[in-house]
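User: I am new to this structure and would like to learn how to read it, feature by feature. Could you guide me through it?

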Amino acid sequence: MALLEIDNLGISFGGLRAVDNFSITIEKGQLYGLIGPNGAGKTTIFNLLTGVYKPNTGTILLDGENITGKKTVDINRAGIARTFQNIRLFKELTVLDNVKTGLHNAYSYGTVTGILRLPKYFKVEKEMDERAIELLKVFGLDEEKDILASNLPYGKQRKLEIARALATGPKLLLLDEPAAGMNPNETTELMDTIRFVRDNFDMTILLIEHDMKLVSGICERLTVLNFGQVLTQGKTADVLNDPEVIKAYLGE
Amino acid sequence: MEKSMKINFRLNKTLKSNIITYGIVIAAYIIVQLLVNAGQVSNLMKGLLVPICIYTIMAISLNLTVGILGELSLGHAGFMCVGAFSSALFSISMLDAIPNAGIRFFFAILIGAFFAALAGIVVGIPVLRLRGDYLAIVTLAFGEIIKNVISVVYIGKDASGLHFSTKNAMALNMAKEGTVIINGAQGITGTPKNSTFTIGVILILITLVIVLNLIHSRSGRAIMSVRDNRIAAESIGINITKYKLMAFTISAALAGVAGVLYSHNLSALTATQKNFGYNQSIMILVFVVLGGIGNIRGSMIAAVLLTLLPELLRGLNTYRMLIYAIILIVMMIFNWSPKLIDLRKRYFHKNRAEKERA
């Protein structure tokens, strides 16, 4: 069974049909790309998937569970984590605490236990520290764990956002333009990291990207979106050679 | 091996900062006690010791809402008012039932904190679900309403129990031997004077333990994540309303404790513009802003200095308010000017680098 099945998803803002009749199937372990010109509705689909917007039509099945119209918090608990096009870190928290906040639902002790510093507090905090540092090491951020997230350089902030999303233990990871603002070297490094995450965390990844080098380099399948509708979808190489896609991007 | 050492180092860093904060309070307490015993403290100053504790607790409490939760409360004195009156009512009606002053005061503190927390929940549940600055508006109204409501309430006690009215003392319909406890605008008289400097300092320390331990815990991280980025916090599965409400309720409860200290420091307690009004709430906000939003230690120091200052400057008489204003401005610049922040950072970094080399 497919991990993510979206059928006939649609939403309107006023008179504008931002996303219409959007259907997609993503198998477990796939690295799937969502591309399209600016304003095609890619981020809107992410917002529909994570419950920021409620769809007017359609259903979203995650691992067989219907998550259509659920709240953001519940969707995250069901197994979808995301990053943002404009980075949204907890700026005044340290790098380590950003990841530990991501571990919030995986490790638990009560507020009173925390205030009274009962033995469970020390035990669970230690486990959280260890798990968070493990995750930071994957992204080469463990050296910077004690500095504030806002003081990280741009490329590392993007990586920290991925680490924080992974900390919630998702089944599906949504990356919204992970390579935006990165130089070619950083992009190559990011491609390796994304592959590493897929292989080592058994992760299914859906990503929005404009960088064609990244898209053609790591995505196995693509869906092209234009004016809120699916233009074409299929294997990466086929899609990128489709004359319709080239027309949508470059004009006639 | 190296990894575990690094974790310890980090824990030690927050621990060290917390110990400094506790240390400052304890050291200040010892110094003041020594001076009082040596007879070096004027009566005027002695009278200020409990108010200093009250305002310190208020500043820490408000900093939890403003600095840690990132919401603005403009009616924090209202929660203090709830704590003050509920605990005073308790203490007077239990005067005979619990003759031991210490035990009675202990319960009075719990009662004050409980009712202030209840008020916090009532205000918080509808407001904290909204996005935006609604809390500021609603708490502003709450502060004014609670003060005005209390000045028209009459509560009396006789053999058959408590009587309640909003008209006048006669409308209570009490038996002959009944006594009026809350007498409308005249407030409560005869509250036992249980507040002492020592109890005040103990309550400051308890407040600090609660707030500092909360900040450095799982719930504290959740609260600060909501402050830093609501959308991201939601996306990683944090129940925003729950943690907002938690922080705000704890903050209100602590303000209630300050109110208990306040009411048990005066024999006559009234709800007026001066003690529980808008100006009082703003003054507490000034402590927080000057001491540093989110900086618990800073807001404590600001509260102490700004409570002492008007009295210390009394000798200068006509220039008093002028100097007060200048000191406010200087503190503001020192804490918030980007250039000075930069300078301080560089100075500290230099010191640290030198230490590490040594």
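User: Which residue takes a positive phi just after α5(A)?

Analyst: In this predicted model, that residue is Gly140(A), with a phi of about 65°.

User: How does one check the length of a helix, and what does the check give for α5(A)?

Analyst: One compares an expected span with the distance between the end C-alpha atoms. At 1.5 Å a residue, the 20 residues of α5(A) should span 28 Å, and the end C-alpha atoms lie 30 Å apart, which agrees.

User: Which residues of α5(A) are buried, and how are they arranged about the axis of the helix?

Analyst: A residue counts as buried if 20 or more other C-beta atoms lie within 10 Å of its own. In α5(A) the buried residues are Tyr121(A), Glu125(A), Met128(A), Asp129(A), Ala132(A), Leu135(A) and Leu136(A). Viewed down the axis of α5(A), they fall within an arc of 135°, so they line one face of the helix. The face turned away from this buried side carries the exposed residues Pro119(A) and Lys123(A).

User: How many residues of strand β3 of chain A are buried, and on which sides do they lie?

Analyst: For a strand, one looks at each side in turn. Strand β3 of chain A, residues 31-35, is mostly covered, with five of its five residues buried. Leu31(A), Gly33(A) and Ile35(A) are buried on one side, while Tyr32(A) and Leu34(A) are buried on the other, so that both faces of β3(A) are covered.

User: In which sense does β3(A) pair with β8(A), parallel or antiparallel?

Analyst: The pairing of β3(A) with strand β8 of chain A, residues 204-208, is parallel and extends over four bridges. Within it, Leu34(A) stands opposite Ile208(A). β3(A) also runs parallel to strand β9 of chain A, residues 221-226, and four bridges join the two. There, Tyr32(A) stands opposite Arg221(A) in β9(A).

User: How does the domain assignment divide chain A?

Analyst: A domain may be made of separate stretches of sequence, as the assignment for this chain shows. Domain 1 of chain A takes in 1-79 + 170-252, and domain 2 takes in 92-168. Their C-alpha centres lie 27 Å apart. The contact between them takes 13 residues from domain 1 of chain A and 11 residues from domain 2 of chain A.

User: Which elements supply the side of domain 1 of chain A that touches domain 2 of chain A?

Analyst: α2 (72-78), β7 (172-176) and α7 (184-200) of chain A each supply at least two residues of that side. The largest share, four residues, comes from α7(A). By class, this side of domain 1 of chain A has eight nonpolar, three polar and two charged residues.

User: Where is Ala78(A) placed, and which residues does it touch?

Analyst: Ala78(A) belongs to helix α2 of chain A. With 18 other C-beta atoms within 10 Å, Ala78(A) is partly exposed. Leaving aside residues up to four places away in sequence, Ala78(A) touches Leu62(A), Glu65(A) and Ile67(A). Ala78(A) and Asn38(A) are 40 residues apart in sequence, and their C-alpha atoms are 30 Å apart in space.

User: How many residues of chain A are in contact with chain B?

Analyst: The contact joins 31 residues of chain A to 24 residues of chain B. On the side of chain A, α2, β6 (80-82), α3 (95-102), α4 (111-116) and α5 (119-138) each supply at least two residues. By class, that side of chain A has 10 nonpolar, 10 polar and 11 charged residues.

Conventions:
Residues numbered from 1 in each chain as written. Chains lettered and ligands numbered in written order. Predicted model: local features only at pLDDT ≥ 70, side-chain atom pairs only at ≥ 80, totals over all residues. Domains from an automatic or database assignment. Contact = placed C-beta atoms within 7 Å. Nonpolar A, V, L, I, M, F, W, Y, C, P; charged D, E, K, R; others polar. Expected span 1.5 Å × (residues − 1). Buried ≥ 20, exposed ≤ 12 C-beta atoms within 10 Å, placed from the backbone. Arc of directions from axis to C-beta. Pairing = 2+ DSSP bridges.
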